[in-house]
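Subject: Structure handover

Hello,

Here is the structure you are taking over. My notes on what was found in it follow below.

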Amino acid sequence: MARKQFDIQVPDLTGKRAVVTGASDGMGLGIARRLAAAGAEVVLPVRNQRKGTAAVEEIRRHVPGARVSLRALDLSSLGSVAELGRTMRDEGEPIHVLVNNAGVMTPPERQTTADGFELQFGTNHLGHFALVMGLLPLLKAGRARVTSQLSISANQGAINWDDLNWERSYNGGRAYSQSKIALGLFGLELARRSAAGGWGITSNLSHPGIAPTNLLAARPEIARSSDTLGVKVIRFLSARGIVVGTVESAQLPAVLAATSREPGVFFGPKGLAGLGGPPAEVELYSRLRSVEEARRVWEKSEELVGVRAA
């Protein structure tokens with residue numbers, strides 16, 4: 001079966017500064033490359049400097065003359081997140097685009113961050129919450145578009161308020177869903193607080209559908225020694241153009257959310273069940289519609305990371 005190709009028009013980003021987490025490979029690398037190709041100066045905060053350097057070289061191969069650079073960041077360490085915030089505030093350059101793309105998915109056993117949080121909740125949500133708080137003055141200065149990358153898993157499960165760190169009964173899939181629901185609620189609350197406070201920040205959400213990324217592949221750093229059955233099935237379907245997307249198509253909703261001229265809310269693939277297809281604005285998941293739940297996530301996140309919006 002022939003694979004349909006989808007693409008979008010990206011506006012000129014010359015003179016803009018963009019920050020993309022999780023851009024050392026996969027979708028994040030593709031997002032960063034598209035922003036660089038549109039003229040943006042792109043900053044890649046990475047945990048693995050070797051992979052980061054390879055990503056910079058890859059972008060420059062595709063985009064000669066691209067302005068792209070690395071910064072150190074481990075989202076599973078609040079100390080590392082705070083250090084990046086200090087570094088970029090010292091640089092003093094406004095940020096015009098931030099894509100909260102990095103993530104970790106379903107480690108085989110429960111793991112914790114450097115600060116003792118369940119790994120997925122601590123990395124996918126709390127790490128990005130702390131990052132936005134640390135970069136807030138620069139995001140305000142750049143009247144930034146902030147895009148938080150969710151997952152179709154945010155359309156199932158719930159936030160486990162009685163045991164946010166899954167200490168009593170760990171379920172990797174449910175903990176992953178919680179982390180993405182929390183990130184989505186945070187993104188929507190950021191939009192509301194920006195509007196109320198005159199911050200000038202546009203906060204959107206995106207999800208990539210299903211694609212053969214490295215989230216379910218072998219990842220020794222989270223004790224996954226081999227590819228999961230899930231990623232093998234996804235690769236099989238993707239290669240044959242069946243239902244799911246590709247790494248290339250999966251990056252497009254986030255690029256659209258980060259660069260669209262209209263604010264929007266939630267962007268994802270428009271195909272069957274949101275698994276693949278062309279990017280478009282899509283209906284907000286039911287788990288993300290409660291204003292009160294979003295406010296609760298924000299306030300609890302402030303308490304857990306010890307950082308408040310200035």
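This is a predicted model: local features need pLDDT of at least 70, side-chain atom pairs count only at pLDDT 80 or more; totals for chains, interfaces and linings use all residues.

When the whole structure is searched, one cavity of 30 Å³ or more turns up. Rolling a probe the size of a water molecule over the atoms is what shows where such empty space is left.

Which helices contribute at least two residues each to the lining of the largest cavity? They are helix 4 (119-141) and helix 9 (291-305). Helix 9 gives the most, with three residues. Sorted by class, the lining of the largest cavity consists of six nonpolar, two polar and one charged residues.

The second largest pocket has a volume of about 250 Å³. Its lining is made up of 15 residues, and L13, K16, H96, R145 and A258 are the ones nearest its centre. By class, the lining of this pocket has four nonpolar, six polar and five charged residues.

Next, the strands. Strand 4 (residues 97-100) is paired with two others. Strand 1 (residues 17-20) runs parallel to strand 4 and is joined to it by three bridges; A18 has V97 as its bridge partner in strand 4. Strand 5 (residues 145-149) also runs parallel to strand 4, with four bridges between them, and here L98 is partnered by V146 of strand 5.

Are the faces of strand 4 covered or open? Both are covered: V97 and V99 are buried on one side, and L98 and N100 are buried on the other. In a regular strand, the side chains alternate between the two faces of the sheet.

N204 belongs to strand 6 (residues 202-206). Is N204 buried or exposed? With a relative accessible area of 1%, N204 counts as buried, because the cut-off for that term is under 20%. A polar atom of the N204 side chain lies 3.1 Å from the backbone oxygen of A257. Setting aside neighbours within four places in sequence, N204 is in contact with R145, V146, T147, S148, A257, P263, G264, V265 and F267. Two of these names have come up already: R145 is among the residues nearest the centre of the second largest pocket, and V146 is the bridge partner of L98.

Regards

Note on methods: Residues are numbered from 1 along each chain as its sequence is written. Side-chain values use heavy atoms; hydrogens and water are left out. On a 1 Å grid over the protein atoms alone, a cavity is a set of points where a 1.4 Å probe fits but cannot get out, and a pocket is an open set with protein on both sides within 12 Å along at least five of seven lines; lining residues have an atom within 4 Å of a point. Grid points are joined across faces, edges and corners, and a volume is the space filled by probe spheres set on the points. Ala, Val, Leu, Ile, Met, Phe, Trp, Tyr, Cys and Pro count as nonpolar, Asp, Glu, Lys and Arg as charged, and the others, Gly among them, as polar. Buried means under 20% relative accessible area, exposed over 50%, partly exposed in between (1.4 Å probe, protein chains only). A polar contact is a pair of N or O atoms within 3.5 Å; within protein, one must be able to donate a hydrogen and the other to accept it, and residues adjacent in sequence count only if both atoms are side-chain atoms. Contact means heavy atoms within 4.5 Å. Two strands pair if DSSP finds at least two bridges between them.
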